Amino acid sequence: MSLIGDILTSLAQTDLPSVFGVVMPDTMDVLAETPTSDGAGGQRRTETVVYEDVPCSYERKELKRRDIQGGKTISIQEFIVEFPTHKTDGTRYSISPANRLKVLARGNEPVKIFRIISMSDDGGITFQAICTKEN
């Protein structure tokens with residue numbers, strides 16, 4: 001690995017995670033869903049918290065997708081949720097599109113639940129998740 005690569009890796013894993021807690025205005029919990037038997041032959045989803053209080057920021061992406069369902073056009077607003085790739089202890093978050101992101105209330109803003117459509121890793125420093133809002 002190059003010297004610059006070593007420096008960027010060190011920054012991403014040690015220094016930047018604590019800075020993100022100051023720079024990113026929101027925090028979120030990362031949720032996993034597990035199908036569980038409901039006792040009547042069906043299944044229900046049980047949510048578990050995988051990570052708590054992850055610093056994040058979110059913004060609306062421009063409205064592009066339009067689905068036609070049953071003769072009606074339905075628009076889906078997408079959001080970009082950005083958060084660090086590493087925790088403050090230097091370990092990497094293991095988050096995938098199977099997880100949901102629960103952005104916690106801030107001020108008079110309500111809790112927001114996002115379902116991940118796709119994710120990208122921006123140089124090992126931040127994740128950028130394209131999401132739809134569920135609530």
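A: Happy to; we can go from the overall fold to the core, the aromatic rings and the salt bridges.

Q: Great. What kind of model is this, and how are the residues numbered?

A: This is a predicted model, where local features need pLDDT of at least 70 and side-chain atom pairs count only at pLDDT 80 or more, while totals for chains, interfaces and linings use all residues. Residues are numbered from 1 along each chain as its sequence is written, and side-chain values use heavy atoms, with hydrogens and water left out.

Q: How many helices and strands are there in the protein chain?

A: The protein chain has one helix and eight strands. Along the sequence they follow the pattern α-β-β-β-β-β-β-β-β. Helices (H or I, at least four residues) and strands (E, at least two) are DSSP runs, numbered from the N terminus.

Q: How much of the chain is buried?

A: Of the 135 residues, 28% are buried. Here buried means under 20% relative accessible area, exposed means over 50%, and partly exposed is in between (1.4 Å probe, protein chains only).

Q: And what about contacts between residues 24 or more positions apart?

A: Such pairs account for 53% of the contacts in the protein chain with a separation of 6 or more. A contact means heavy atoms within 4.5 Å.

Q: On to the inside. Which residues of the largest nonpolar core touch the most other members?

A: They are Met28, Val81, Phe83, Ile95 and Leu101, in a core of 17 residues. A nonpolar core is a set of buried Ala, Val, Leu, Ile, Met, Phe, Trp, Tyr and Cys residues joined through side-chain atoms within 4.5 Å.

Q: Which strands supply at least two residues of this core?

A: Strands E1 (26-37), E2 (43-60), E5 (78-84), E6 (100-103), E7 (112-122) and E8 (126-133) each do.

Q: Let me zoom in on Met28. What does Met28 touch?

A: Leaving out residues up to four places away in sequence, Met28 touches several residues, among them Tyr51, Cys56, Val81, Phe83 and Leu101. Asp53 is another of the residues in contact with Met28.

Q: Where is Asp53, and what is its phi?

A: Asp53 is found in strand E2. Its phi is near 55°, a positive value in a residue other than glycine.

Q: Changing topic: how many aromatic pairs does the structure hold?

A: There are five aromatic pairs. Rings of Phe, Tyr and Trp (its six-membered ring) pair if their centres lie within 6.5 Å; planes under 30 degrees apart count as stacked, over 60 as edge-to-face and the rest as tilted. One of the pairs is Tyr51 with Tyr93, which is edge-to-face, at 4.9 Å centre to centre and 85° between the planes.

Q: Which parts does that pair tie together?

A: Tyr51 lies in strand E2 and Tyr93 in the loop between E5 and E6, so the pair ties together parts that are 42 residues apart in sequence.

Q: Are those two buried or exposed?

A: Tyr51 is buried, and Tyr93 is buried too.

Q: What about Tyr58 and Phe114?

A: Tyr58 and Phe114 form a tilted pair, with 5.7 Å centre to centre and 50° between the planes. Tyr58 sits in strand E2 and Phe114 in strand E7, so this pair joins parts that are 56 residues apart in sequence. Phe114 counts as buried because its relative accessibility is 0%, whereas Tyr58, at 21%, counts as partly exposed. Together with Phe79, Tyr58 and Phe114 form one aromatic cluster.

Q: Nice. How many salt bridges does a search of the whole structure find?

A: The search finds 10 salt bridges. A salt bridge is a side-chain nitrogen of Lys or Arg within 4 Å of a carboxyl oxygen of Asp or Glu. In one of them, Glu33 pairs with Arg115, and the closest N and O atoms are 3.4 Å apart. Glu33 lies in strand E1 and Arg115 in strand E7, so this bridge ties together parts that are 82 residues apart in sequence.

Q: What else does Arg115 meet in a salt bridge?

A: The side chain of Arg115 also meets that of Glu134, at 2.6 Å, N to O. Glu134 is in the segment after E8 and Arg115 in strand E7, so the parts tied together are 19 residues apart in sequence.

Q: Which residues are linked in a network with them?

A: The network of salt bridges links Glu33, Arg45, Glu47, Arg100, Arg115 and Glu134.
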